[in-house]
Structure formats: structure tokens, C-alpha cells
Amino acid sequence: MRLCILMILCLATVKAAATSPSLTDTLRRFEIREGDTTAYTLNLALDKEGKPKYFFRNIFTPVCNTGECRPVYINLYWDLLGNYIRYDLPGDEVLTKTDHRDFREEDYRKLQTILAKESSIFSELKMEDLVVKGTENISDSANLRTGATLKTIKNDVIEGAVFTCYTLWHFAHGPTSEQIKKITTTLETPAMLHGFLRSGNHHYQYWAMEKVMDTAGKVKTGYEEDISGIIRGNNIFTARYALQKVHPDYFQSSKRQAWIWNTYSNAVYPLQMAILKKLADIPVNDRLCEKIAASVTDGNYEQLKAKLKILAARPQLSGKTLKKLGEQLSGPGMGEDIYNTLKQLNPADKAVQHLLSQYETKNE
């Protein structure tokens with residue numbers, strides 16, 4: 001069915017009730033209609049400055065098993081892009097199992113773990129596939145359809161509450177997530193984009209990078225330092241993604257070339273390799289070429305090859321750069337690659353030619 005958002009903002013801003021963890025938050029309420037029959041209220045919590053923080057729903061749903069339905073009252077929380085965060089229960093509500101036993105503390109903790117999984121066996125199965133008819137015992141068909149062991153499947157559910165786990169996981173990762181993304185898109189501002197890029201939340205950063213970089217990787221004016229922050233951030237995956245996506249012109253200035261080399265010097269190995277790969281597509285200035293040449297034997301063989309590729313791509317290298325390369329011809333296990341690169345560059349400098357001759361004599 002076609003999903004429609006009826007975003008009807010309440011005329012009055014209301015104070016967050018007990019369902020919201022902060023009494024300083026205010027709420028905006030959106031009436032959501034899915035298809036012709038399903039409608040619910042989706043709440044957006046705002047901080048005291050009016051900035052969006054998270055979404056939540058107050059959910060009442062029957063969980064049915066063999067003709068018996070148990071009511072479940074629960075509040076689910078999502079971030080601003082519809083990624084599930086957590087749940088809580090309103091008032092004195094509790095969750096129960098098929099035999100009417102209350103959840104134990106470990107059951108509540110396990111439920112959070114189950115709901116937090118973005119991918120689950122629940123996405124592959126229908127309710128009738130998951131349990132034996134008439135019970136909440138795990139069905140053999142669940143094992144067959146997922147290719148998982150029965151023990152693994154049991155680890156993904158709470159004994160006696162399979163239907164509850166299944167139902168709530170689909171609430172947490174179902175259409176509401178898409179509705180939240182649509183709403184957040186309508187609320188997009190430069191301040192939100194800056195906040196997302198600086199947040200350290202990889203979901204927010206990926207989303208915002210798509211907004212501030214075009215298909216060629218050109219960065220919108222005003223967001224350049226945000227991209228630098230991601231490249232130098234703690235998350236290797238977002239750092240490498242930003243580095244790979246950004247246009248080579250981003251590193252055109254001498255200041256930014258000095259910055260990226262400083263970043264390289266302090267980066268973990270996978271990001272170092274990504275930086276070297278990026279530099280191969282950039283017109284590297286003389287100063288950076290000298291630094292690369294001086295460090296050409298620092299690191300492993302893959303780094304050596306990547307550095308030599310950067311230098312070999314330059315139409316002309318300075319005498320200082322060529323000499324720094326020649327001085328490292330004696331590097332253990334690396335001299336041959338440096339020699340081949342220097343011969344390809346055909347240096348006119350007499351000192352470098354002398355270093356090449358010495359290498360040839362030594363390795364005859």
C-alpha cells in the first residue's frame with residue numbers, strides 16, 4: 001500500500017510526558033496514516049532550543065497466540081533517521097509470557113538486544129514459519145528457511161515470548177522508520193547538517209554527507225571542515241567513505257595537502273592506504289612530494305608501492321625529491337622498486353645519477 005504522511009503539527013506545543021526521559025523536552029506530534037486503516041501518532045522530541053532529538057511512539061498492540069491475545073503497552077524510540085534506539089514501558093506496565101509469567105530482568109535486557117538488531121531472522125519469516133502451530137515452540141521450518149541452527153534461533157528469541165519478540169521487532173524496524181526519514185528530510189536545515197556531520201553517529205554522518213556532497217564529491221561551501229573532521233575522526237569506515245567520495249580538488253591547496261599528510265602520519269593502517277590511494281589522483285605539490293619521498297621506505301611494501309605510484313604520476317619531480325629517493329636505494333628489500341621508479345623518471349641531476357650508478361654496481 002502507498003504510505004502517506006499526514007504531518008499535522010499540533011497547534012500547541014506540549015510538555016513531554018512521562019514517556020519522554022527529559023522534562024525539558026517539548027513535543028511535536030505527527031499523525032501518520034499507512035494505507036486506509038492504520039493511523040497512529042508519531043512524537044518528535046525537541047530540546048529546549050527547539051532542535052530535534054529523537055522520535056517515539058506509544059504503542060498498544062495485541063499479541064495473539066492460539067486464539068488468546070495479550071495486550072502489550074510499550075514505548076519505542078528511534079533516532080532522527082528511524083534507527084531503533086531503545087524501549088520503555090509506561091507506568092506500571094509489564095510484559096508477560098504465554099503462561100502469564102512476568103518477564104524477568106534478563107528477559108527485558110534480552111528484548112533490547114533483540115530489538116536493536118537491524119537484521120534478524122524475523123525479517124525472513126512469517127509468524128507461522130517461526131513457531132509450531134498451537135504453541136510458542138520454535139518451528140523446524142524456521143531452521144530450514146534461515147539455514148541457522150535451532151540453538152541459534154533460540155538465542156534470538158525469548159522463550160515463551162516468541163510472538164512478542166516478533167511483533168515488536170517489526171514495529172521497531174518497520175514502516176515507522178521510513179516515515180521518520182521522510183519527516184526529518186522536511187526538517188533539514190544547515191544547522192542540522194552540521195550537527196549530523198559532527199555527531200559521531202555514523203548513520204547521521206552518511207546521510208548528511210549525501211546532502212553536502214554532489215555526485216562528483218564536490219563539497220558545498222561551508223561544510224569543508226565538517227568533512228575534514230570525519231576523515232580525521234575515530235570511525236575508520238566513515239573516514240574512508242568521506243575520503244573516497246570527496247572530489248580530488250578538495251585537497252588542491254597547499255594547506256590541505258599538508259593537513260592530509262599529517263593525518264596520514266597519525267592514521268591507522270587501513271586509512272593510511274586509503275589516503276595514499278587518494279593522493280594518486282591528486283596533483284601533489286613539491287613540498288608533499290618531498291615528504292613522501294623522504295618516507296618512502298617507512299612502512300611495508302604495499303605502502304612503498306603506493307608512494308612510488310604517487311611520485312611517478314608527477315610530470316616532473318624536484319631535484320630535492322629525486323635525491324631523497326636516491327638516498328633510499330639501499331633500503332632493505334625495497335631498493336629495486338625505487339631504482340626502477342628513478343630510471344623511469346630519467347633524472348638529469350648528477351648526484352642522483354651517481355646514486356643510481358652505485359646501486360647498479362652493487363647489484364651487478
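Predicted model: local features only at pLDDT ≥ 70, side-chain atom pairs only at ≥ 80, totals over all residues.

Biologist: Is Ser228 buried or exposed?

Modeller: Ser228 has a relative accessible area of 6%, under the 20% cut-off, so it counts as buried.

Biologist: And what does Ser228 touch, skipping residues up to four places away in sequence?

Modeller: Tyr250, Arg256 and Trp259.

Biologist: OK, what about Ile231, what is it in contact with beyond four places in sequence?

Modeller: Ile231 contacts Ala239, Ala242, Leu243, Tyr250, Phe251, Trp259, Ile260 and Leu271.

Biologist: Now the nonpolar core. Which residues touch the most other members in the largest one?

Modeller: That core has 94 residues, and the ones touching the most other members are Leu76, Leu111, Ile227, Ile231, Phe251 and Leu279. Helix H5 gives the most to this core, with seven residues.

Biologist: Switching to helix packing. At what angle do H10 and H12 cross?

Modeller: Roughly 0°, with the axes of H10 (residues 236-245) and H12 (residues 269-279) coming within 10 Å. That makes H10 roughly parallel to H12.

Biologist: Which residues make that contact?

Modeller: From H10 you get Ile236, Ala239, Arg240, Leu243, Gln244 and Lys245, and H12 brings Pro270, Leu271, Ala274, Ile275 and Lys278. By class, the H10 contact with H12 has seven nonpolar residues, one polar and three charged.

Biologist: And how do H15 and H16 pack?

Modeller: H15 (residues 319-326) and H16 (residues 335-345) pack at about 150°, and their axes are 10 Å apart. Angles over 145 degrees count as roughly antiparallel, so that's the label for H15 against H16.

Biologist: What's the handedness of the crossing?

Modeller: H15 passes H16 in a left-handed crossing.

Biologist: Who meets whom there?

Modeller: Leu322, Leu325 and Gly326 in H15 meet Ile338, Leu342 and Leu345 in H16. By class, that contact of H15 with H16 has five nonpolar residues, one polar and no charged ones.

Notes. Residues numbered from 1 in each chain as written. Heavy atoms only, no water. Axes fitted to C-alpha atoms, helices over the stretch in contact; angles between N-to-C directions. Helix = DSSP H or I, 4+ residues; strand = E, 2+ residues; numbered from the N terminus. Parallel < 35°, antiparallel > 145°, perpendicular 65-115°, else oblique. Left-handed = near helix turned anticlockwise from the far one by under 90°. Contact = heavy atoms within 4.5 Å. Nonpolar A, V, L, I, M, F, W, Y, C, P; charged D, E, K, R; others polar. Buried < 20%, exposed > 50% of the residue type's maximum accessible area, 1.4 Å probe, protein only. Core = buried A, V, L, I, M, F, W, Y, C linked by side-chain atoms within 4.5 Å.
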